[in-house]
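Keep the model in view as you read.

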Amino acid sequence: MAATMKNVDEIRNRVILGEFGVKNVHTSDFPGNYPGYDDAWDMHKFQKNFKIDVVHLDESSMEFDMVGIDAAIANAFRRILLAEVPTMAIEKVFIYNNTSIVQDEVLAHRLGLIPIKADPRLFEYRNTGEEAAEEEGSEIDTIQLQLKIKCSRNPRASKDSSDPRELYLNHMVYSKDIKWVPIGNQADVFADSIIGPVHDDILIAQLRPGQELDIIMHCVKGIGKDHAKFSPVATASYRLLPEITLMETVEGEKAERLKRCFSRGVIELEDVNGKKVAKVVNSRLDTCSREVLRHDDLKNVVKLGRLRDHFIFTVESTGILPPDVLVTEAIKVLMAKCQRFLNELDSNDMNEEK
């Protein structure tokens, strides 16, 4: 590769954001590509460089850094979070009565997308097939929910009122109206758990006097690859850690304009001998908008890049499971995939020997 040794490290480790494009976007540190560099896979070297740092964690979201891996592995981890960590969701909807204006199919679809608070690790997958489809669910693979509600007039409403909230009772059907109906010994097994919708304020339908809903729902275990309703995350994304380097001292009015070109908290001004001088404080906060490259007198004083092997992950749970549990489960799925691949290789080797 036609590159001087001075630029090799930058090509290997940095993605450079230019005015008219992005450079070094592809991984190039594979064995033999750079003379003088040993890029052969080494487990001890990987263990030394790889690390995970949790930056933020609460009941619904998590931000952590994953350092020392290739983009392919990071993206595999993201896709597993989206589509292969199992959850419980409404699969079958038995509508015994629906006199609302919402069609049965639309109503069933809306119900299916409501996240259900239930630990999928405590349930089994339902058997697939024609025979299994006709069978009713059991306590080990099915959660039964019921929605039974009827709208009526409020006898205490004033005659002059035109507000539906005062005129009618049960005219707004929310997810809080869905009740759990235990099957078998579920009442004892999940005595300490509250099974039902994650959020109580999801609007399902609106009713008027005389209209009613009588519905039974069955929740089963599934993955987002089969249907988006099984996806345990609202978002699961990553970005590369930004790197901002000032090539020369920037001061005065020029420094103030430079500060405004970046996200808040990235550039700060410090007083040096009575002059305001720009300083990079926290490049992590930058959104890499490249706004600074629009200014002719500023675009050459700053260098924008990203660290190729430093991934900032953001995971936002739907509330079914805490985000740290989702990350742990995704790691387990990735490990199982790797083990299955190794087993296939071993079986192929054995067949060739025979």
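Start with Glu84 and Lys225, whose side chains form a salt bridge, 3.9 Å from N to O. A salt bridge here is a side-chain nitrogen of Lys or Arg within 4 Å of a carboxyl oxygen of Asp or Glu. This pair links distant parts of the chain, 141 residues apart. Glu84 sits in the loop between α3 (71-83) and β5 (87-98), and Lys225 in the loop between β14 (212-222) and β15 (233-246). Helices (H or I, at least four residues) and strands (E, at least two) are DSSP runs, numbered from the N terminus. Lys225 is exposed, at 55% relative accessible area. Buried means under 20% of that area, exposed over 50%, and partly exposed in between (1.4 Å probe, protein chains only).

The model is predicted: local features need pLDDT of at least 70, side-chain atom pairs count only at pLDDT 80 or more, and totals for chains, interfaces and linings use all residues. Residues are numbered from 1 along each chain as its sequence is written, and side-chain values use heavy atoms, with hydrogens and water left out.

Next, find Glu329 and Arg121. Their side chains meet in a salt bridge, also with 3.9 Å from N to O. Glu329 lies in helix α9 (residues 323-353) and Arg121 in the loop between β6 (116-117) and α5 (130-134), so the bridge ties together parts 208 residues apart in sequence. Glu329 is buried, at 14% relative accessibility. Arg121 is partly exposed, at 44%.

Now turn to Lys259 and Glu268. Their closest N and O atoms are 3.6 Å apart, in another salt bridge. Lys259 is partly exposed at 33%. Glu268 is partly exposed at 32%.

Some bridges share partners: Asp119, Arg121, Glu329 and Lys332 are joined in one network this way. Across the whole structure, the search finds 22 salt bridges.
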